[in-house]
Amino acid sequence: MPAEPAIAVTNLVKSYDRRRVVDNVTLTVPAGAVCALLGPNGAGKTTTVECVEGFREPDEGQVRVLGLDPLTQRGELMPRLGVMLQEGGAYQAATPWEMLRLYTRFYPDPRDPADLLERVGLTDVAGRYYRSLSGGQKQRLNLALALVGRPEVVLLDEPTAGMDPQARQSAWEEIRSLRAAGDTVLLTTHFMDEAERLADLVAVIDQGRMLAFDSPAALVARHADQQVLVTTPARIDIIDLSAAVRARVRPDGEGRYVVDAGADRIPPISAWFAEEGLPVTGISAGGGGLEAVFLRLTGRKVRP
C-alpha cells in the first residue's frame, strides 16, 4: 500500500471578490520531499500555502496535511507543522531570544533556542528588539521560529527574500537538513537557482492555475530549449567550434557561450576544448535551466 503523502491538495479553489486566485490546483508532496512553488506575482502561490496552513478556508476542493484537515483538525496538526509567513509573526518589541523562548512553550520537544540562534547567525543580535533588526535578520528569525517545534512539515513563504548570500546559504543548509531528517518542505520562491538546488519537485502556477508539476530535471528536459552553456576564461574561435560540433555557437556575455544543441553535443564540445588546449570552467545542458522553463510557461510580461 503506497505511503500517505505529507501534503495532498485536490482541486483547490479560492476566490476574492468573485475573482479566482487559485483555480482547481492539485498538488501532492510525498513525505521527506522538498517542493518549490513558483509563479509570478499574484499567481496564487501564497494563497495556496495559506490554505495548506489552514489560515484560509478553500471555497472548493480538499487539503490534507499529514492526513489531517488543517481547518477541522488544527489542534492535532499544529504541533507537527512549522510555518514561516511572508510578513512574519514576531512581536515588534520582543527580542529574538524572547521570541524563541516563548515559542518553545508551545511544543512538547522544542529545539534549543541558543542552538537555533547560532544556526541562523543571530547570536550577536539575540538581545535586540525585533523592530531594530534588518530585513534579512528578521527573515532568519522567522525561519528559526518555524523550526523550533521540530515540525514534520514546514511551509516557507519566500524564506530567503532579503537575505545576503551567506545567510541564504545557511538557510539552504537548514532546508537540506530537514529533508535529510525525513521532514517535508513546501516553499515559495522567486529564485530559480534556489528551486533547482533544493527542490525534489517544482510546481509552476500562473493566474491561479497549475501549469507544470515535476522534478526540476524533468521540467527542463520537457520545456527548455536544446542548448549547452559553456563558460571559459579563454577567447575562442566561434566559427571553428561551430564546425567541430556541427551546431550554432553564440556568445552570451563575457566568457559565456551557448551551443544550440542537446546534451549529446557535450562530448565533442569538451573534446574540442581539449584539442585546442583551452580551459573550460563549466559546461551544462538545459537551455537556461529552470528560469527558461518558467519564462516559457508564464511569459515575459512584468507583473504588478
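Predicted model: local features only at pLDDT ≥ 70, side-chain atom pairs only at ≥ 80, totals over all residues.
View A. Residues are numbered from 1 along each chain as its sequence is written, and side-chain values use heavy atoms, with hydrogens and water left out. The count of disulfides comes to zero. Cys 35 takes part in none, the nearest cysteine sulfur being that of Cys 51; the sulfur of Cys 51 is 15 Å from that of Cys 35, its closest cysteine sulfur, and therefore too far away for a bond. A residue is called buried under 20% relative accessible area, exposed over 50% and partly exposed in between, with a 1.4 Å probe and protein chains only. Cys 35 is buried, at a relative accessible area of 0%, and Cys 51 is buried too, at 1%.

**View B. The loop that holds Pro 40.** Helices (H or I, at least four residues) and strands (E, at least two) are DSSP runs, numbered from the N terminus. Pro 40 belongs to the loop between strand S3 (34–38) and helix H1 (45–53), and with a relative accessibility of 8% Pro 40 counts as buried. Along the chain Pro 40 and Ile 175 are 135 residues apart, and their C-alpha atoms are separated by 23 Å.

**View C. The open sheet of three strands, S2-S1-S4.** Two strands pair if DSSP finds at least two bridges between them. This open sheet has the order S2-S1-S4, with antiparallel pairing. Strand S2 (19–29) and strand S4 (60–65) stand at the edges, and each has a single partner strand, so one side of each is left without a neighbour in the sheet. Neighbouring strands here are turned by 25° against each other on average, direction ignored. Strand S1 (residues 7–16) and S4 run antiparallel and are joined by five bridges; Thr 10 has Gln 62 as its bridge partner in S4. Helix H1 lies across S1, S2 and S4 and runs at about 120° to S1, where axes are lines fitted to C-alpha atoms, for helices over the stretch in contact, and angles run from 0 to 180 degrees between N-to-C directions.

**View D. The open sheet of four strands, S11-S12-S10-S13.** The pairing in this open sheet is antiparallel. Strand S11 (249–251) and strand S13 (282–285) are the edge strands, each pairing on one side only, and the twist averages 20° from one strand to the next. S11 pairs with strand S12 (residues 256–259) in the antiparallel sense over three bridges, and the bridge partner of Pro 251 in S12 is Tyr 257. Helix H9 (residues 238–245) packs on the sheet, touching S11 and S12, and its direction makes about 150° with that of S11; contact here means heavy atoms within 4.5 Å.

**View E. Aromatic pairs.** Rings of Phe, Tyr and Trp (its six-membered ring) pair if their centres lie within 6.5 Å, and planes under 30 degrees apart count as stacked, over 60 as edge-to-face and the rest as tilted. The count comes to two aromatic pairs. The ring centres of Tyr 103 and Phe 106 are 5.5 Å apart with planes at 50°, so this pair is tilted. Trp 272 and Phe 273 have ring centres 5.1 Å apart and planes at 85°, so their pair is edge-to-face.

Note on methods: Disulfide = S-S within 2.5 Å.
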